Amino acid sequence: MKIKTKEFASLLIALLVAAMVAGLLIVTHFSWLSVLLIVLGAFALVFVGALFVIRKYVAYKLRPIYSIVSAREVHTSEIFNELQDKRVEHLGEELTAWADTNDREIARLKEAERFRKQYLGNVAHELKTPIFNIQGYISTLLDGGLEDELINRKYLERAEKSIDRLINIVNDLETINRLESSMNALNADRFDIVALTREIAEQAEIEADKRSVKIQVKGADNLPSPFWVQADKHYIGQVLVNLLVNSIRYGREGGLTRVHFRDLLDKILIEVEDNGQGIAKEDQPRIFERFYRTDKGRSREQGGTGLGLAIVKHIIEAHGERISVRSEVGVGSTFSFTLKKVPLRELDK
């Protein structure tokens, strides 16, 4: 027999006592009416008394647990009052739910701590390389290289590149920090996403020409286009800059970068596609992590900080949207994200 409630436990005790009293009264030859009245009285008295004692005992045992859950000192009387309206098993369910929530919070904090340590380690590693380079160049110049015209200019130029790299890392870190702290203050505006993309593509043509990469913006032959969105124009421009520059730098030399736009009812889908080297399947889930690179040596040669795609992800998610990647090694990569569409009928308002 399983005793699951304090009421059932009290009932069993009262029945046991009532049976014992009835037996004693019958043995002593009391009348049946007297036996019945005395037994009923004893049953009621024992039931109420047992229920009160059990509640008090349970409240006493639960007090330390409730103090931990509530993060304050809980008095036995508080739990006793609560037990009057609840079954003990319901309290067990509440405490189990609290324990599960607490376990999840602990797991989240551990993951956040792991991420923090990894992030600090990555920052230190990224800053260490250019700093050590600068230190080496300056030491060489101070040790006599400054008087050698063939060495001094070359080393100063290399030191300048390392300083530029430091500046880029710091600027990107500041950008991410700003995004994390003030993304609720997006300046949502209506604008033609095709027009903005073409403007950015024109600005990227100089860098594209260095690698003979052709940029195509497809989706509307004439401007204004039917692809109007509601978003922060400045930050979306930053997303497009990052995706186009990545496509040029890490795509195939002499390759092609295409930007497509598709109408998805209440959304506009933007896709940036290249026919470059592609991204390995095992790397794809991590490319939006800070400082993660699929080809560390080549990325540093191109001047990347490893934060561009992390910034892109922050911006898109701040708009309540998602960014994804499809890629195949040797074929190319396609980055896709959506933005809220502005119906053309609303543009006249």
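**A predicted chain: core, helix packing and loops**

Student: Which residues in the largest nonpolar core touch the most other members?

Tutor: Ile 193, Ile 236, Leu 243, Ile 270 and Phe 337 do, in a core of 46 residues. A nonpolar core is a set of buried Ala, Val, Leu, Ile, Met, Phe, Trp, Tyr and Cys residues joined through side-chain atoms within 4.5 Å. Buried stands for under 20% relative accessible area, exposed for over 50%, and partly exposed for values in between, with a 1.4 Å probe and protein chains only.

Student: And which helix gives the largest share of this core?

Tutor: Helix α8 (residues 233–250) does, with seven residues. Helices (H or I, at least four residues) and strands (E, at least two) are DSSP runs, numbered from the N terminus.

Student: What should I know about the model itself?

Tutor: It is a predicted model, in which local features need pLDDT of at least 70 and side-chain atom pairs count only at pLDDT 80 or more, while totals for chains, interfaces and linings use all residues. Residues are numbered from 1 along each chain as its sequence is written, and side-chain values use heavy atoms, with hydrogens and water left out.

Student: How do the axes of α8 and α10 cross?

Tutor: They come within 9 Å and cross at roughly 145°. Axes are lines fitted to C-alpha atoms, for helices over the stretch in contact, and angles run from 0 to 180 degrees between N-to-C directions. The crossing is left-handed, that is, the near helix is turned anticlockwise from the far one by less than a right angle.

Student: Which residues make the contact?

Tutor: From α8, Tyr 235, Ile 236, Gln 238, Val 239, Asn 242, Leu 243 and Asn 246 take part. From α10, Gly 308, Leu 309, Ile 311, Val 312, Ile 315 and Ile 316 do. By class, nine are nonpolar, four are polar and none is charged. In this scheme Ala, Val, Leu, Ile, Met, Phe, Trp, Tyr, Cys and Pro count as nonpolar, Asp, Glu, Lys and Arg as charged, and the others, Gly among them, as polar.

Student: Which residues of α10 are buried, and what follows α10?

Tutor: In α10 (residues 308–318), the buried residues are Gly 308, Leu 309, Ala 310, Ile 311, Val 312, Ile 315 and Ile 316. Gly 320 follows α10 and has a positive phi near 80°.

Student: New topic. How many aromatic pairs are there?

Tutor: There are three. One of them joins Phe 288 and Phe 335 edge-to-face, at 6.2 Å centre to centre and 90° between the planes. Rings of Phe, Tyr and Trp (its six-membered ring) pair if their centres lie within 6.5 Å; planes under 30 degrees apart count as stacked, over 60 as edge-to-face and the rest as tilted.

Student: Where do Phe 288 and Phe 335 lie, and are they buried or exposed?

Tutor: Phe 288 is in the loop between β5 (267–274) and α9 (296–301), and Phe 335 is in strand β7 (residues 332–341), 47 residues apart. Both are buried.

Student: Which non-glycine residue has a positive phi of about 65°?

Tutor: Leu 265 does, in the loop between β4 (256–264) and β5. Leu 265 counts as exposed because its relative accessibility is 77%. Ser 212, also not a glycine, has a positive phi near 55°, and its place is in the loop between α7 (205–210) and β2 (214–217).

Student: How many helices and strands are in the chain?

Tutor: Eleven helices and seven strands. Of the 349 residues, 37% are buried.

Conventions:
Contact means heavy atoms within 4.5 Å.
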